Amino acid sequence: PRLDKHAGVPPGTTSYYFRTRKALLSALAARLTELDLADLSMMEEIEGRSDVTYSGTRGLAELVMLSGTEPYRTRSRARFELILHASQAPELDATITSYGIRFYALARDVVARWYEGRDVAPAAIEERAVMVLTFISGVIVSFVQGYPVVSDADQLDAMIRRILGDP
């Protein structure tokens, strides 16, 4: 009843569509992943266009900065809640992990493009991708907590570029 009231739907609606809490969390994870993957696909499309300014590290910074604004901030909070639930409900893990894998692949592609034309070992690229992703995860946590550590995409882009300095 409390969830129905919060959602602004008639009493019993949630339990009608989702018989268990587990079913509700699974549906929430699936929908959140669907929305997030659509956003990542948009970024991947932008990456392939030469007429778009926001690609590469700048595009990644723009995407991350969205997570600090609504409705993305609420989605980021929900994603963190689901990650915590996944440790107790393994069936959520695959859904949650699919987003993480896709986001990592995007970040890794941005890092690999940064080093194109340079003689950089694949292991070094992989290491830098992990560093960038770890940093970005911290930035997103700061947004979720309401205490952002970066103020705009320019600042975040500059920080990512510093992380990517010559290995």
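Residues are numbered from 1 along each chain as its sequence is written, and the side-chain values rest on heavy atoms, with hydrogens and water left out. Because this is a predicted model, local features need pLDDT of at least 70 and side-chain atom pairs count only at pLDDT 80 or more, whereas totals for chains, interfaces and linings use all residues.

We begin with the helices, which are DSSP runs of H or I with at least four residues, numbered from the N terminus. Two packed helices are described by the angle between their axes and the distance between the axes. Helix H4 (56-66) packs against helix H7 (residues 122-145) at an angle of about 30 degrees, with the axes 9 Å apart; here an axis is a line fitted to C-alpha atoms over the stretch in contact, and angles run from 0 to 180 degrees between N-to-C directions. H4 and H7 are therefore roughly parallel to each other, a term for angles under 35 degrees, while those over 145 count as roughly antiparallel. Their crossing is right-handed, meaning that the near helix is turned clockwise from the far one by less than a right angle. On the H4 side the contact (heavy atoms within 4.5 Å) is made by Leu 60, Val 64 and Met 65, and on the H7 side by Val 132, Ile 136, Val 139, Ile 140 and Phe 143. By class these residues are eight nonpolar, no polar and no charged, where Ala, Val, Leu, Ile, Met, Phe, Trp, Tyr, Cys and Pro count as nonpolar, Asp, Glu, Lys and Arg as charged, and the others, Gly among them, as polar.

H7 also packs against helix H8 (residues 153-163), at an angle of about 150 degrees and with the axes 10 Å apart, and H7 and H8 are therefore roughly antiparallel to each other. This crossing, too, is right-handed. H7 contributes Arg 128, Met 131, Val 132, Phe 135, Ile 136 and Val 139 to the contact, and H8 contributes Leu 156, Met 159, Ile 160 and Ile 163; the contact has nine nonpolar residues, no polar ones and one charged.

On a 1 Å grid over the protein atoms alone, a cavity is a set of points where a 1.4 Å probe fits but cannot get out, a pocket is an open set with protein on both sides within 12 Å along at least five of seven lines, and lining residues have an atom within 4 Å of a point. Grid points are joined across faces, edges and corners, and a volume is the space filled by probe spheres set on the points.

There are two cavities of 30 Å³ or more. The largest has a volume of about 160 Å³ and is lined by 14 residues, with Asp 36, Leu 63, Ser 67, Arg 79 and Tyr 99 nearest its centre. H5 gives the most to this lining, with four residues, and the lining divides into eight nonpolar, two polar and four charged residues. The second largest cavity, of about 30 Å³, is lined by Leu 32, Thr 33, Asp 36, Arg 79, Ile 96 and Tyr 99, and H3 supplies the largest share, three residues.

Finally, the largest pocket has a volume of about 470 Å³, and of its 15 lining residues Arg 2, Leu 3, Asp 4, Thr 14 and Leu 24 are closest to its centre. Helix H1 (2-7) and helix H2 (13-17) each give two or more residues to this lining, with the largest share, five residues, coming from H1.

Key. Parallel < 35°, antiparallel > 145°, perpendicular 65-115°, else oblique.
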